Structure formats: C-alpha cells, structure tokens
Amino acid sequence: MEFIKCDIAITGGGASGLMTALTLAKLGVKGKIIIAERNAKIGRKLLATGNGRCNLSNVKISDRFYFGTAAEYAKDIFRKYDCNYIRKYFEEVGLLTVSDSEGRIYPLSNSAASVADCMRNYILSYGVTELCSTEVTDIIPDKRGVSLICECKSGGNECSTKLKISAKYAVLSCGGKASPKLSGNGNIYGIVEKLGIDITPVFPSLTSVSCSEKLLHTVKGVRVKSRVSLYADGVLADSHDGELQFTENSLSGICIFQLSRLVNEYFVCRTVNRKKTGNIKICVDLLPEYDSESCRKLVMSRKELFGRYELEKFFDGFINKKLGIAVLKKAGITDFSRKTATLSKSETEKICRTLKGWEFIPSKPSDFENAQITAGGVSAKEINFDDMCSKKYRNIYINGELVDIDGSCGGYNLHWAWCSGIMAAESIAERMEKKYAETE
Ligand SMILES: Cc1cc2nc3c(=O)[nH]c(=O)nc-3n(C[C@H](O)[C@H](O)[C@H](O)COP(=O)(O)OP(=O)(O)OC[C@H]3O[C@@H](n4cnc5c(N)ncnc54)[C@H](O)[C@@H]3O)c2cc1C
C-alpha cells in the first residue's frame with residue numbers, strides 16, 4: 001500500500017470540498033492539503049448544475065427553504081454567510097455573479113464551468129494537491145488525526161492500487177447518492193456508520209414522481225402551467241405553482257421536484273413532514289388562474305358557444321389538445337365525435353373537477369439516478385454547527401450534502417455546500433494557527 005502524509009485531507013472534490021480547499025487557500029493555511037476524488041475529474045457535478053449555468057445561490061436565502069434534522073441550525077449560519085457574503089467570496093477569486101428576476105444567482109458568464117474554473121485556478125495555484133480516481137473506502141481515526149484508506153484506479157479503471165493518506169484533519173465532503181454518474185455512489189454512508197456516526201434515512205429529492213394513472217402516456221411531452229398540491233391522508237401538505245411536465249409514467253417539472261421530497265419521505269419512512277401517514281396523492285390544478293366557480297362558468301360558456309363543434313375541438317384555444325382529450329377521457333367520455341352541446345351536467349361537472357383537481361397517486365419511490373439531491377444523511381446530533389466538526393471525532397469535519405439537510409430548488413443546495421465548506425475550513429485554519437503558535 002502506498003502512503004502519503006498531509007495536514008488536511010478533503011474527501012470529495014465537489015462543491016463543498018472545493019469550497020473547503022478554496023477557503024484554506026484564502027486563509028493562507030500552512031500545510032499540505034489534498035483532495036481525494038473518486039471521479040477522474042474534480043467538480044464534475046458542478047458543471048451539470050443549473051442546466052450548465054450553475055444556480056449557485058439565491059437572494060432569498062433563508063432557513064425556511066431547508067429540510068432535515070440540520071435545517072434548524074441553518075438560520076444562524078445564514079445570518080453570517082448570506083448570499084452577499086457568498087457573492088463577494090466568489091468575486092474575490094474572480095467569479096462575477098448576477099441574479100435573475102426570481103432571485104436565483106448565476107455566474108455572469110452564464111456558465112457553470114466558470115465556477116469550477118475559478119475555484120480550481122485558485123486552489124491549484126496555492127498548491128493544493130488533487131488526487132483523482134481515488135476513492136476513500138475506509139476512515140480510521142488515529143493518533144496523528146485520521147487515516148484514509150483509498151482505492152486508486154488507473155488504466156481505464158482496470159488496475160487499482162491501495163493508498164493510505166495520513167492527515168491531521170479529514171473533511172468529508174462526499175455528497176450523497178443523488179446523480180451517481182456525476183458524483184458519489186453513497187458508499188460513504190457505510191464508512192461513516194462504521195465510525196458510530198448516525199445516519200438518518202436517505203431518499204432522493206428534487207426529482208420526478210412516478211404515478212399510477214393510465215392516461216399519463218397519452219399526455220407525454222405536454223407542459224402546462226399548473227398548481228400541484230400534495231395531500232397526506234387528505235390534508236394539504238405542500239403546494240407549488242410552475243410548469244408541470246408529463247412523461248410516459250411520471251409527473252415532472254420544478255413544481256413536482258419541490259413535492260418529491262415529501263413523496264419519497266412517505267415511501268421510505270411512511271411519514272410526511274415527519275408525521276405518520278397512511279396515503280398520499282397529488283392534485284393537479286390545470287387552471288390555477290381560475291377558481292372553481294369561474295372554471296365552471298368558463299366551461300359552460302364554451303359549451304354554449306361551441307355547441308355545434310365535435311367534442312374533440314372543445315378544448316381548442318383553451319388548453320393543450322392532447323391534455324384536453326385526456327381530460328375528456330378522465331370524465332368518462334370516449335366518443336369525441338359527439339357535439340359539445342350533448343355534454344350532460346354530470347359530464348361537465350367531471351370535466352371541471354379534472355381541470356381543477358386531477359388526482360395522481362404516486363406509485364413508487366423515485367430513483368437516485370435522476371435526483372438532484374439526497375435528503376437525509378449524517379444526523380444533526382453528530383455535528384457541531386459552529387464549525388461542522390464531528391462531535392465524536394474532533395479531527396473529522398462533515399459538510400455539504402452528506403449532512404442531513406437539503407434545500408428547495410433555486411440555488412439553496414449549493415449555498416449550503418459553500419457555507420458548510422467555508423465553516424469547516426475556517427475552523428481548521430484557526431486550530432492549525434493555534435497549534436503553530438503553541439510550537440513557536
Ligand atoms: C443535475 C443537477 C443539477 C443541480 N443543479 C443545482 C443548482 O443549479 N443549484 C443548486 O443549488 N444545487 C444544484 N444541484 C445540487 C448540488 O449539485 C449539490 O447540492 C451539491 O453539489 C452538493 O455538494 P457536495 O460537495 O456536498 O457534493 P457533490 O457536489 O456531490 O460532491 C461530492 C464529491 O465527492 C466525491 N466522492 C463521493 N464519495 C467519495 C469517496 N468515497 N471518495 C472520494 N470521493 C468521493 C464525488 O465524486 C463528488 O465529486 C444539482 C444537482 C444535480 C445532480
């Protein structure tokens with residue numbers, strides 16, 4: 001087994017790991033810093049964020065956009081590390097940012113690559129060592145601090161060698177299980193659990209939701225402005241407006257992404273918002289601008305106006321044609337050559353009910369492959385939120401998505417990765433400075 005000694009070993013070169021390294025460099029920490037990254041390249045996932053634009057923060061940053069056991073600590077953390085702090089921090093390493101009308105912050109260049117480039121330029125010029133294709137497979141606390149056992153791949157992943165990294169401090173910035181092609185595979189959870197550190201159940205979030213609705217495939221590809229609401233045991237649990245996308249067997253789009261956390265919490269824990277739940281459903285309001293009464297009036301007036309039209313033309317100029325046909329089918333209508341005037345009162349009622357509250361029953365948990373984020377992770381009770389240090393191991397820091405905190409869509413997850421990365425690095429820098437002063 002090969003052996004390397006360093007002062008600080010960062011496990012994972014994603015958002016939080018890069019920010020940890022960047023901050024150590026900015027603070028001028030003396031000592032050898034290594035990033036061990038299982039992928040062949042550092043910052044791969046960053047390039048895919050925000051559809052290649054990297055939505056790196058949000059002007060509305062607040063703890064109310066976060067979930068998980070650690071969310072309650074976010075308020076204090078964001079008091080110091082707000083979006084202006086993060087923007088300025090990036091500016092100091094060359095990255096200019098802009099915010100859009102919804103408060104989402106992006107690089108001025110509109111390219112996620114600039115975020116990764118500016119961070120890497122800075123840390124590499126400072127002398128941080130990147131060890132890519134190096135997967136940490138075990139973590140052993142020891143007298144010097146921590147030993148990381150790694151598997152290093154080379155030659156197109158065919159050969160692998162073992163490496164031991166001895167560090168005074170280890171920072172676990174391994175992310176979660178979401179989007180494993182770009183990031184980690186979740187092996188870190190087992191490694192961390194072996195250390196006696198508690199992990200709360202993990203499940204995918206910010207992703208599409210599979211539903212058992214036999215008409216779904218008929219509206220595949222349709223996008224429509226909607227309000228989607230999740231009901232747990234018949235009680236409204238959460239609701240979002242936005243562009244709903246229908247796929248072959250699932251509902252998608254950002255408004256659904258926002259609901260997906262609770263849907264997957266239900267499948268994994270049988271709770272919604274940590275409350276025991278027997279059943280869930282998603283109600284889709286296809287006409288959020290109309291209340292039920294004005295929807296009814298609209299449908300009735302169209303019935304009168306276009307009474308001589310065949311039913312297949314009823315929704316022309318109103319909603320998407322495919323969607324209109326599906327709504328009619330949902331109302332039990334199968335003969336679309338009938339004249340609109342023949343619609344019965346109960347059929348009209350059913351059409352209105354479908355338009356204002358089409359019910360979809362989520363059928364199975366989402367997969368991690370297509371999820372943007374992992375909910376759950378290292379429990380808040382294991383971490384000191386003044387510095388992101390493990391309570392059990394004072395030489396091990398844990399940050400980013402690995403922690404049991406996840407945010408809404410809109411730059412909130414990267415904002416957490418940046419803040420927690422900065423905090424871990426500031427603490428290490430302070431402790432190293434103190435030790436250095438003591439030995440002087
Ligand atoms: C497609 C997509 C788009 C997204 N867009 C946005 C967005 O626009 N805005 C936003 O706020 N959030 C976005 N997110 C979420 C955001 O990317 C994450 O919240 C963030 O990257 C988490 O940072 P992290 O450092 O904790 O983990 P990661 O960025 O996942 O980094 C973890 C790193 O650790 C490495 N690693 C894992 N295990 C090991 C190991 N055992 N040994 C060595 N290395 C290891 C991984 O390969 C990875 O490089 C998006 C996510 C996805 C998948």
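The model is predicted: local features need pLDDT of at least 70, side-chain atom pairs count only at pLDDT 80 or more, and totals for chains, interfaces and linings use all residues. Residues are numbered from 1 along each chain as its sequence is written.

**Domains**

- The protein is divided into domain 1 (2–204 + 371–439) and domain 2 (208–366). These bounds come from an automatic or database domain assignment.
- The C-alpha centres of domain 1 and domain 2 lie 40 Å apart.
- Their contact takes nine residues from domain 1 and 10 residues from domain 2. Two residues are in contact if their C-beta atoms, placed from the backbone, lie within 7 Å.
- On the domain 1 side, seven residues are nonpolar, one is polar and one is charged. Ala, Val, Leu, Ile, Met, Phe, Trp, Tyr, Cys and Pro count as nonpolar; Asp, Glu, Lys and Arg count as charged; the others, Gly among them, count as polar.

**Ligand shell**

- The ligand is surrounded by 39 residues, and the closest are G12, G14, G175, G184 and G400. A residue is near a molecule or strand if its C-beta atom, placed from the backbone, lies within 6 Å of it.
- By class, the shell holds 14 nonpolar, 20 polar and five charged residues.
- At least two shell residues come from each of α1 (15–26), α2 (44–48), β9 (134–141), α6 (187–194) and α11 (412–439). Helices (H or I, at least four residues) and strands (E, at least two) are DSSP runs, numbered from the N terminus.
- α11 gives the largest share of the shell, four residues.

**Helices α1 and α5**

- Two packed helices are described by the angle between their axes and the distance between the axes.
- α1 packs with helix α5 (residues 112–126) at an angle of about 50 degrees, and their axes are 9 Å apart. Axes are lines fitted to C-alpha atoms, for helices over the stretch in contact, and angles run from 0 to 180 degrees between N-to-C directions.
- α1 and α5 are therefore oblique to each other. Angles under 35 degrees count as roughly parallel, over 145 as roughly antiparallel, 65 to 115 as roughly perpendicular and the rest as oblique.
- The crossing of α1 and α5 is left-handed. That term applies if the near helix is turned anticlockwise from the far one by less than a right angle; if clockwise, the crossing is right-handed.
- L18, A21, L22 and A25 of α1 touch M119, Y122, I123 and Y126 of α5. This contact has eight nonpolar, no polar and no charged residues.

**Helix α10 and its partners**

- Helix α8 (residues 292–305) and helix α10 (residues 345–357) have axes that come within 10 Å and cross at roughly 130 degrees. That makes α8 oblique to α10.
- α8 and α10 cross in a right-handed way. S292, C295, R296, V299, M300 and K303 of α8 contact T348, I351, C352, L355 and K356 of α10.
- The contact of α8 with α10 has six nonpolar, two polar and three charged residues.
- The axes of helix α9 (residues 321–330) and α10 come within 8 Å, crossing at roughly 125 degrees. α9 and α10 are therefore oblique to each other.
- α9 also passes α10 in a right-handed crossing. Here V327, L328 and K330 of α9 meet I351, T354 and L355 of α10.
- The contact of α9 with α10 has four nonpolar, one polar and one charged residues.
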